[in-house]
Amino acid sequence: MSLVVELRQYTLHQGARETLIELFEREFVTGQQAVGITVGGRFRDLDHPDRFVWLRAFPSMPERRRALEAFYGGPVWRAHRDAANATMVDSDDVLLLRGPGFALPLGGREVLATICHPDAATFAAYAARHLGPEHALHRTEHAENDFPQLPVRTGEDVRVWFGPTEPPPWPYQRLRLEPVTP
């Protein structure tokens with residue numbers, strides 16, 4: 001099943017990551033789930049101590065809009081938004097993707113995520129050689145962001161996958177992530 005997935009990378013004020021993680025796990029996971037949002041992996045970026053990375057998924061773009069309106073207009077966000085926003089320098093580094101989503105791995109082991117800007121004509125050959133279903137391959141969702149209160153990156157065509165692979169021959173970014181375990 002192909003879902004609409006947000007890969008969100010938050011840059012936080014120095015030393016604020018654990019404060020946000022505690023608040024996020026205590027209030028925002030169940031608060032989002034209650035309105036139909038699937039909250040996926042949540043991670044500490046091992047190379048950037050002031051970055052929190054997480055994913056959430058929706059069945060479709062209309063469901064994304066409905067769920068985001070419900071959450072950001074609802075009591076959980078209203079009660080805790082000031083505390084959450086006080087930890088953040090930037091929350092606009094968001095990729096809107098289409099793919100299977102990605103949950104926390106069992107055992108809390110390090111996860112590699114690759115964000116790649118491939119050549120569309122040759123990516124299929126690379127993927128056939130190096131990526132399997134376990135890599136949870138995602139690609140850019142080019143639909144218009146119908147919840148503009150939360151910006152997403154536009155003008156890019158990316159592929160994102162999880163797990164170790166041969167480095168791709170195109171520009172890419174590797175994230176070394178430690179799962180947040182409640």
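1. The model is a predicted one, in which local features need pLDDT of at least 70 and side-chain atom pairs count only at pLDDT 80 or more, while totals for chains, interfaces and linings use all residues. Residues are numbered from 1 along each chain as its sequence is written, and side-chain values use heavy atoms, with hydrogens and water left out.

2. R174 belongs to strand β8, which covers residues 172–179; strands here are DSSP runs of E with at least two residues, helices are runs of H or I with at least four, and both are numbered from the N terminus. If neighbours within four places in sequence are set aside, R174 is in contact with A113, T114, T165, E166, P167 and P168, where contact means heavy atoms within 4.5 Å. By comparison of positions along the chain, A124 is 50 residues from R174, and the C-alpha atoms of these two residues are separated by 20 Å.

3. Beyond its neighbours within four places in sequence, A113 is in contact with W161, F162, Q173, R174, L175 and L177. A113 and R176 are 63 residues apart in sequence, yet their C-alpha atoms are 6.7 Å apart in space.

4. The loop between β4 and β5 holds G108, which counts as partly exposed at 31% relative accessibility. G108 is in contact with P179 and T181 when neighbours within four places in sequence are left aside, and its C-alpha atom is separated by 7.1 Å from that of E178, 70 residues away along the chain.

5. As for the overall arrangement, the secondary structure of the protein comes to four helices and eight strands, and from the N terminus on the elements run β-α-β-β-α-α-β-β-α-β-β-β. Of the contacts with a separation of 6 or more, 82% are accounted for by residues 24 or more positions apart.

6. Which residues have the most contacts inside the largest nonpolar core? They are I37 and F52, in a core of 30 residues, where a nonpolar core is a set of buried Ala, Val, Leu, Ile, Met, Phe, Trp, Tyr and Cys residues joined through side-chain atoms within 4.5 Å. Two or more residues of this core come from each of β1 (3–12), α1 (17–33), β3 (51–58), α2 (61–72), α3 (75–85) and β4 (88–99), and the largest share, six residues, comes from α1. F52 touches R8, Q9, Y10, L12, R17, L20, I21, F24, R42, F43 and V180, not counting residues up to four places away in sequence. Apart from this core lies another, of 19 residues, among them L3, L7, F162 and L177. In soluble globular proteins, nonpolar side chains tend to be buried together.

7. A136 deserves a separate look, for it has a positive phi of about 45° although it is not a glycine. Most residues other than glycine have a negative phi. A136 is placed in the loop between α4 (120–130) and β6 (138–140), and at 7% relative accessibility A136 counts as buried.

8. Is Q149 buried or exposed? At 56% relative accessibility, Q149 counts as exposed, and its place is in the loop between β6 and β7 (159–162). The C-alpha atoms of Q149 and Y72 are separated by 9.5 Å, although the two residues are 77 residues apart along the chain.

9. Turning to the whole chain, the C-alpha trace spans about 50 × 35 × 30 Å along its principal axes. The radius of gyration of the protein, 16 Å, agrees with the value near 16 Å for a compact globule of 182 residues; it is taken over C-alpha atoms, and the globule rule is 2.2 Å times the number of residues to the power 0.38. Buried residues make up 49% of the 182 residues.

How values were computed:
Buried means under 20% relative accessible area, exposed over 50%, partly exposed in between (1.4 Å probe, protein chains only).
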